[in-house]
Amino acid sequence: MADKTVKELAEMVGKTASAVQQQLQDAGLPARATDDIVTEREQEKLVAYLKQSHGQQEKRRISLKSKTTSTARVTGSSGKSKNVNVEVRKKKVFEKPDPEKIAAELAAREQAMAEAQARAAKEAEEKAAAKKEAEERQAATLAAMRASLGSSKKSDGKNDDISASVVVKKGGKAAAEIKEKEKKKVAPTQPKVETAAERKARIAREKEEERLRQIEAETRRAQAEEAQKRTLEQMRKMAGKYTDREPVAEVRKDEPLAEGLVGDALEESFEKERREIKRGSGSTGARGRRRKNQDEREIRNRKGGLRSTQASQHKFEKPVEKIFHDVEISEQITVADLAQRMAVKAREVTKLLMKMGEMARESDTIDQATASLVVEEMGHNPVLVSDTKVEDDLQDAVDERSSNVQTRPPVVTIMGHVDHGKTSLLDKIRETKVATGEAGGITQHIGAYHVETDRGVITFLDTPGHAAFSAMRSRGAQATDIVVLVVAADDGMMPQTEEAIDHARAAGTPLIVAINKMDKPSADPDRVLNELTTKEVVSEDWGGDTPMARISAKTGDGIDELLELIGLQAELMELEAPLDGAAQGVVIESKLEKGRGAVVSLLVKKGTLKQGDLVLAGEHYGKVRAMTDERGQRIKSAGPSIPVEILGLPETPAAGSEFLVVTDEKKAREVADFRTNREREQQLERQNKMRLENMFEQMGQGDVSFLNIVLKTDVRGSLEALLAALNELSTDEVKVRVISSGVGPISESDVTLAESSEAVLLGFNVRADSAARRKADTADMDIRYYSVIYGLIDDVKAAMSGMLAPEHREKILGIAEVREVFRSSKFGAAAGCMVVEGTIYRNKPIRVLRDDKVIFTGQLQSLRRYKEDVNEVRTGMECGLAVRGYDVEVGDKIEVFEIQEFARTI
Ligand SMILES: Nc1nc2c(ncn2[C@@H]2O[C@H](COP(=O)(O)OP(=O)(O)OP(=O)(O)O)[C@@H](O)[C@H]2O)c(=O)[nH]1
């Protein structure tokens with residue numbers, strides 16, 4: 001910035017010369033003509049003044065913050081190493097030069113220089129005065145001396161004249177003239193007063209001052225330019241960001257006041273101020289704060305009115321308008337949950353419910369309709385969602401990720417009667433197809449294994465039996481594709497063979513029959529085929545559609561043929577599954593092992609399961625820590641139809657539970673919680689459902705169009721009669737479907753089948769054995785016993801026409817087992833018994849059961865304990881009894897019952 005004329009300056013800034021002249025005057029500088037010089041310093045003063053007057057004071061301090069996050073592995077005091085998140089925060093503060101400050105400094109410096117100059121001038125004046133006085137004194141002395149000399153030498157040339165005249169005229173005109181002359185003579189020699197060294201020093205000082213001035217000016221200019229550039233840059237950024245933005249009416253606490261560097265700097269300054277206010281520090285006094293707030297307002301207003309001035313007040317402004325929420329309501333919701341979704345206090349909701357005539361506590365669950373009314377009443381918008389939404393969403397997310405659909409191996413379950421060779425068959429297949437020649441040949445029991453055959457891979461669930469099959473089915477998991485029914489060729493169709501057929505049919509699973517033990521001389525396959533036809537299982541050879549293989553699990557004969565049949569059946573079924581994407585499948589088995597925690601066998605049905613995946617199985621979720629195959633080998637992934645054993649779940653999910661691989665832990669927890677609640681509710685629901693009257697009620701409501709029945713009778717004759725009568729009961733609206741029927745006591749398997757098929761269990765002159773009773777108790781299932789055919793038929797008929805109102809029902813009060821039989825002259829046969837259940841009453845009706853079949857109904861003649869007649873005997877006690885008109889045998893059971901009145905439940 002060199003010195004320039006007013007005209008040059010005007011040209012440079014693009015203004016008229018008169019405007020620049022005016023500005024110079026406004027800046028307090030002396031008036032100038034257009035060709036007058038404006039010095040460098042004056043120009044700086046002018047710029048500072050203009051900046052101030054145009055309000056270009058920008059933020060002096062700008063803070064830059066940066067944050068980097070990394071992970072470091074550290075070893076704790078316990079010696080375990082773990083990952084620790086390390087966050088490094090950096091902050092840099094840039095200080096911009098303050099033009100005011102610069103101007104002030106400049107002024108101070110100028111003043112200091114002026115003062116120094118004035119001081120120097122004064123000093124020089126004083127020096128000159130002192131010197132003059134000394135010279136005068138010297139001259140006077142000289143004159144005096146000359147005068148004294150002149151008196152002795154009268155004529156003494158020119159000089160003498162002068163000297164004489166000086167002396168003569170001393171104190172008069174002549175003296176003044178001399179003085180004047182002297183002065184004239186002295187004046188030209190005055191500069192000689194400054195010595196050479198002094199002069200040199202002065203020049204050097206001036207030079208140095210000039211140099212410093214230049215450096216200072218240069219630095220100031222550079223700083224000013226830099227600051228201006230940065231400010232412009234910021235302004236541009238902010239202008240770009242906010243040009244299209246509507247002015248914001250309200251300021252929310254969580255919104256930043258501005259963005260970018262300026263925003264950060266502002267926020268930081270506010271934060272600092274908040275801290276200072278809190279501390280009550282004097283660094284920012286009330287006035288300072290007011291000034292600062294004003295500044296902030298000004299800054300914000302200058303930046304295009306981005307924010308309301310309220311922003312600087314640093315307090316949360318309650319929104320003026322009420323916020324309306326879209327409130328999601330599932331089929332059931334707790335009051336507390338509902339309140340939370342509307343962002344109101346639970347108390348407000350209970351109050352409103354009370355007004356609506358509903359008494360509910362915060363923890364109570366209310367239905368969707370009521371919740372929806374509450375939401376509307378509170379001015380929000382109810383959004384009704386399905387109860388399973390959270391599950392469905394998760395399932396959808398998993399399905400979305402599935403791709404690359406390919407043929408998958410079939411999953412096979414082996415069923416059959418006891419000792420017909422299920423385990424032997426599974427072992428033989430594994431032995432011939434898995435163990436041979438493979439590393440780590442020791443097979444582990446993980447509930448399933450897969451084998452390679454000429455027709456591809458086949459997976460066997462190696463938990464033979466109905467229980468496992470039904471358990472899975474009752475949880476809705478259709479894990480099995482094909483059922484292989486093992487029937488021993490030397491034994492033929494047995495009760496469990498029939499049950500297995502019923503199970504497979506109820507599940508709609510194709511059946512392949514393996515006629516086993518063909519190596520035995522007593523093998524009679526034709527007899528087996530014949531018997532199977534009574535259950536409508538007809539071999540392809542006999543014109544039916546059930547594939548059959550004759551095998552020996554002992555020798556291995558026919559096993560390849562059986563595998564071939566399985567392969568063919570699978571091909572027919574065109575089993576497919578996506579290979580890629582998140583895995584889903586079913587829990588086959590789960591157990592708790594010491595030191596390993598929950599050990600869970602899974603069968604992958606879709607996608608690929610990988611180590612490290614987050615698995616949600618039933619109501620539990622966890623990361624797959626380790627994964628092994630059926631040979632105990634560690635594996636990293638498993639595709640469709642492959643069974644694996646995993647570690648990592650916190651608890652054991654139930655067999656038959658479905659599992660999913662999820663990516664979002666929060667979602668997993670949500671679904672797990674939801675399932676836990678649902679399981680609790682379903683348990684209650686099941687307990688009601690399994691009751692005959694409820695079953696019929698639901699049927700009346702159109703929920704059930706089939707009435708499933710599992711029927712057991714004492715003899716084949718009564719079974720056939722009942723089946724015929726029940727078949728005739730079917731109408732167009734309601735079909736009676738006997739899922740399973742047979743002769744003999746009600747077994748555990750009957751209960752499981754009834755449970756999984758939602759069937760009612762009816763016993764005609766038969767009872768449930770103890771295992772079945774336990775199972776029914778656990779599932780809270782109702783087993784109905786009848787001893788008159790018309791009683792059973794009437795109940796079913798009445799129920800179907802919606803008139804079932806069983807006001808009277810039999811209740812078994814106690815059971816005693818006959819351990820010994822004595823002959824008594826008085827009572828005939830007397831029985832020594834043990835009460836195994838409930839209480840035996842002397843005066844209540846009884847039945848005698850032999851092999852769980854009713855053989856006599858009547859009354860007790862006597863009931864004694866230690867020779868004393870008693871009215872009742874409780875569980876665990878021995879007693880002696882005699883049945884009126886019937887001789888009991890060892891092993892019989894005496895069942896005491898009564899007819900109870902039940903109010904019909906709706
Ligand atoms: N001769 C002969 N014996 C067999 C054959 N298959 C099985 N067995 C024998 O039959 C008996 C019962 O076989 P398992 O395999 O235990 O029968 P299961 O159906 O699994 O029996 P449960 O587990 O009790 O239901 C065993 O002694 C076997 O050795 C066969 O093909 N031939």
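Because the structure is a predicted model, local features are reported only at pLDDT of at least 70 and side-chain atom pairs only at pLDDT 80 or more, whereas totals for chains, interfaces and linings use all residues. Residues are numbered from 1 along each chain as its sequence is written.

The protein contains 24 helices and 38 strands, where helices (H or I, at least four residues) and strands (E, at least two) are DSSP runs numbered from the N terminus. Of the 906 residues in the protein, 30% are buried; a residue is termed buried if 20 or more other C-beta atoms lie within 10 Å of its own, exposed if 12 or fewer do, and partly exposed in between, with C-beta atoms placed from the backbone. Among contacts between residues at least 6 apart in sequence, 69% join residues at least 24 apart, a contact being a pair of residues whose C-beta atoms, placed from the backbone, lie within 7 Å.

The ligand is surrounded by 15 residues, of which the closest are Gly421, Thr423, Ser424, Ala553 and Lys554; a residue is taken as near the molecule if its C-beta atom, placed from the backbone, lies within 6 Å of it. Helix H14 (residues 422-435) contributes three residues, the largest share of this shell. By class, the shell divides into two nonpolar, seven polar and six charged residues, with Ala, Val, Leu, Ile, Met, Phe, Trp, Tyr, Cys and Pro counted as nonpolar, Asp, Glu, Lys and Arg as charged, and the others, Gly among them, as polar.

An open sheet is formed by seven strands in the order E21-E20-E25-E17-E18-E24-E22, with antiparallel pairing; two strands are said to pair if DSSP finds at least two bridges between them. Its edge strands, each pairing on one side only, are E21 (620-623) and E22 (626-628), and the twist from one strand to the next averages 35 degrees; here axes are lines fitted to C-alpha atoms, for helices over the stretch in contact, and angles run from 0 to 180 degrees between N-to-C directions. Strand E20 (residues 614-617) is joined to E21 by four bridges in the antiparallel sense, and Leu614 has Lys623 of E21 as its bridge partner.

A second open sheet consists of four strands in the order E27-E26-E28-E29, and its pairing is parallel. The edges are held by E27 (735-743) and E29 (783-786), each of which pairs on one side only, and neighbouring strands are turned by 25 degrees against each other on average, direction ignored. Within this sheet, E26 (residues 706-713) and E28 (residues 760-764) run parallel and are joined by five bridges, with Val710 opposite Leu761 in E28. Helix H21 (residues 716-729) packs on the sheet and touches E26, E27 and E28, its direction making about 175 degrees with that of E27.

Strand E9 (residues 403-407) is hardly covered, since the count of buried residues among its five residues is zero.

In helix H10 (residues 335-342), the buried residues are Val335, Leu338 and Ala339. Seen down the axis of H10, these residues fall within an arc of 100 degrees, so they line one face of the helix, the arc being that of the directions from the helix axis to the C-beta atoms. Their cover includes strand E6 (332-334), helix H11 (346-355), strand E7 (365-367) and helix H12 (368-377). H10 is followed by Ala343, whose phi is positive, near 60 degrees.

Most residues other than glycine have a negative phi, and most peptide bonds are trans. Lys517, which is not a glycine, has a positive phi of about 60 degrees and lies in the loop between strand E14 (511-516) and helix H17 (525-533); Lys517 counts as buried because it has 24 C-beta neighbours inside 10 Å. Tyr866 likewise has a positive phi, near 45 degrees, and is placed in the loop between strand E34 (860-865) and strand E35 (868-869), but counts as exposed because it has 8 C-beta neighbours inside 10 Å.

Note on methods. Contact = placed C-beta atoms within 7 Å.
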